[in-house]
Amino acid sequence: MLEDADSVAANLSGGTMLAAKLEAEMRRGMKMHIGYVLVGQRSTTLGRVSRAELTGDCRRVTHFIARASLGAYAVVANSSARMGAAAEIFARGAGASSSSSFFKSTTAGEKAACLSATSEDSAPPGKCRAPVKLLLAAISDTIMAESGEPPLEEHRPLRCPARMVRSSDGACVRTRPGAPQMCVMSDHADCARQCAAGDARSCATLGFMYESGKGVAVDGGQAFRYYQQACDAGALDGCVGLAFLYSKGRGVHPDPARAANMFRDACERGHARACSGIGQQARIEGNGADAIRFFERSCKLGYARACFYAGSALATEGKEPERALRNHEAACVGQDERGCLAMAGMMLSGLGAAPDAMKANHVQGKALNALNQSCASGDGEACEVIGDFYDGRYGKKVRKPEKALEFYQKACRGGRGDACRAAGVMLENGCCAQQDVDR
């Protein structure tokens, strides 16, 4: 429910003009009730766009659509501060007239059509295609520096206007003294404060930081603690994080069946990383077709890492190299350096497209530069990816065992278990001057 003109302006498309028209009525107590049903979404893997990358006359362009959620909605404006669930809002919106107390209404799409959709549908039903939510991302006036700054896992909403914060359902609401708000992943101290103050999304962010080693040492126990806290408070990111911990046995006893149920529930609700989790479980079970299907579903929802997984799964099965290359390119566009390295490797080998050494070397060099800077700043995952690169996992021609061992050891010190195992195997096999079984 939107209670004043400022809230209308901050949350609705065209809200500024609409707020101006309704301001007098809202001052007299009119409230705006919104009910909606979402059937699916499409998202770009692009995390950032600079003005220099645009073509054509784009001088007045300020944002691009990062994500679009489709479905049906109903908006009813009346003088009541109370109204039931979305079903009542839809019913009132469809039946309102100028003589009723519900004196302003609009609808788009049909709720019944949306409810007929299934998770296997590749397109929304005909009467359930209204754009309900659009996530806009600002276009930068400067070219993104090749500093290797780790991209966020998901698009972040635009900043709310002054004296407003983002609520748990994504709406901009008025701030209350001392009220918690969503933290920024790079600020561990603020995330801890906001989580302690009751912001579930900040707890989920803390969980991800401890799971992946972003800004802190990898700690499965702490990751489990914060994910559980977030999930209990209703944050879907927290539940998905728990599912990954259960699937890997990190910070908790492994429980693949429980993880599978949690992944499926969240994937049905449009959570990209959860769909990727289903793909990973299918891959482990040897079901390549399902793995690819769910990786590509996650990729279309905007999770760049899943695009890389989809391309790798296709390459492993040795089929459809063009499709594999498209997935790797989508990952690279989304600033997933693994995707860039895989894309470069395919281009150098002429897989999926004609060989293009110049472009491949440029993409590869840019990715390695970003990874090296992230590794130097303490990102263990970045160090591990560089180790994989020099171990020949993105093309045998670049295999350099000494460099691979160096970066695996750096990643191991950052808590990356797979990197520790890779370094141990290399040393056990006598890599790099002498065998060192104990080490």
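Which residue does a disulfide join to Cys299? The partner is Cys307, with 2.1 Å from S to S; a disulfide here is a pair of cysteine sulfur atoms within 2.5 Å.

Some background before I go on. This is a predicted model, where local features need pLDDT of at least 70 and side-chain atom pairs count only at pLDDT 80 or more, while totals for chains, interfaces and linings use all residues. Residues are numbered from 1 along each chain as its sequence is written, and side-chain values use heavy atoms, leaving out hydrogens and water.

Back to the cysteines. The whole structure holds 9 disulfides. In the link of Cys299 and Cys307, the angle about the S-S bond is 95°, and the link is right-handed. Both Cys299 and Cys307 are buried, meaning under 20% relative accessible area, with exposed over 50% and partly exposed in between, for a 1.4 Å probe and protein chains only.

Another disulfide pairs Cys267 with Cys275, sulfur atoms 2.1 Å apart. This link of Cys267 and Cys275 is right-handed, with 100° about the S-S bond, and both cysteines are buried.

Next, Cys412 and Cys420, also joined by a disulfide, S to S 2.1 Å. The torsion about their S-S bond is about 100°, so this disulfide is right-handed. Cys412 counts as partly exposed because its relative accessibility is 29%; Cys420, at 27%, counts as partly exposed too.

Cys412 lies in H17 and Cys420 in H18, and both are among the residues where these helices meet, contact being heavy atoms within 4.5 Å. The residues of that contact divide into 12 nonpolar, 1 polar and no charged.

Conventions
Helix = DSSP H or I, 4+ residues; strand = E, 2+ residues; numbered from the N terminus. Nonpolar A, V, L, I, M, F, W, Y, C, P; charged D, E, K, R; others polar.
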